[in-house]
Each structure stands twice: as structure tokens, then as C-alpha cells.
Amino acid sequence: MSGPNGDPNISSEDGIINDDDEFGEEEYAAINSMLDQINSYLDDLEERNDTLNGKLHELLESNRQARLDFRAELLGSTTQEEHHAAEQVSLPSKPDQLEENK
């Protein structure tokens, strides 16, 4: 017969597996209490993780919106500067007009 992990050289009758360990009610109660505590800690950790994840998404969205606003402002001011520069080039100044009229 094969062993507990499928090892053909060890049989479960060789006494390696000892199922005679008996736990009393107190041990089971202590284990259950520890598992409950671990479960509580994990729930708290999951709640904190969800909160941080939500805050991270808010921060990323805020950052994205700020970049879009900055880019629009930058492109808007560049367009206005180009438009203003184009007006100055197309409209001759008064001294230039006087020289052309002479």
C-alpha cells in the first residue's frame, strides 16, 4: 500500500501517521478564538485596503483632470499668443504706414 503522499515505499500502517492526537474542548475553543481574531483582522485589513483603493482612484482622477485643465490652459494661452502675434504682423504700425505713404 502507498504512503499518505502517494510514496510507494511508506505505508500508513508503519505508524508514521498518528491520528491518536485528541484535542479537548479547551484547545478547540482556543483555536476558534484565534481564528475569529484572525478573521476580524483580515476584515479590517480588507476594509482599509478598499478605503485606500478608493482614495487612490480619487487622486488619480483629480490628477488626470488637473493635467487636462493645465493642458487646455497652456494650449489656450499659446493660441491666444499666436493670435495676438499674428495680428501684430498683419497690422502695420503707424510709423510703417507713414513711410509707405511717402
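## The coiled-coil region

In UniProt, an unreviewed entry lists residues 35-62 as "coiled-coil region". Positions from UniProt follow the numbering used here, with feature names shortened, and such annotations may be inferred rather than shown by experiment. In this predicted model, the chain over residues 35-62 is 100% helix and 0% strand, and the C-alpha atoms at its ends are 40 Å apart.

A word on how to read the values: residues are numbered from 1 along each chain as its sequence is written, and side-chain values use heavy atoms, leaving out hydrogens and water. Because the model is predicted, local features need pLDDT of at least 70 and side-chain atom pairs count only at pLDDT 80 or more, while totals for chains, interfaces and linings use all residues.

## The chain as a whole

The protein chain has two helices and zero strands. Both kinds of element are DSSP runs numbered from the N terminus (helices: H or I, at least four residues; strands: E, at least two). Of the chain's 102 residues, 2% count as buried; buried means under 20% relative accessible area, exposed over 50%, and partly exposed in between, with a 1.4 Å probe and protein chains only.

The accessible surface comes to about 9,700 Å², and 53% of it belongs to carbon and sulfur atoms. These areas come from the Shrake-Rupley method with a 1.4 Å probe; for residues, only the protein chains shown count as cover.

## Two salt bridges

A search of the whole structure finds two salt bridges, each being a side-chain nitrogen of Lys or Arg within 4 Å of a carboxyl oxygen of Asp or Glu. One joins Arg48 to Asp44, with the closest N and O atoms 3.3 Å apart. Arg48 is exposed at 54% relative accessible area, whereas Asp44 is partly exposed at 34%.

The other pairs Arg64 with Glu61, and here the closest N and O atoms are 2.7 Å apart. Both residues lie in helix H1, three residues apart, about one turn of the helix. Arg64 is partly exposed at 34%, and Glu61 is partly exposed at 40%.

## Patches on the surface

Patches are made of residues with over 30% relative accessible area and no salt bridge; like charges are joined within 9 Å, and nonpolar side chains (Val, Leu, Ile, Met, Phe, Trp, Tyr) within 5 Å. Ile31, Met34, Leu35, Ile38, Leu42 and Leu45 make a nonpolar patch of about 570 Å². Leu35 is found in helix H1, which covers residues 25-90.

A patch of negative charge gathers Asp43, Glu46, Glu47 and Asp50. Lys and Arg count as positive and Asp and Glu as negative, with His and the chain ends not counted; a charge is placed at NZ of Lys, CZ of Arg, CG of Asp or CD of Glu. Asp50 lies in helix H1 and is partly exposed, at 49% relative accessibility.
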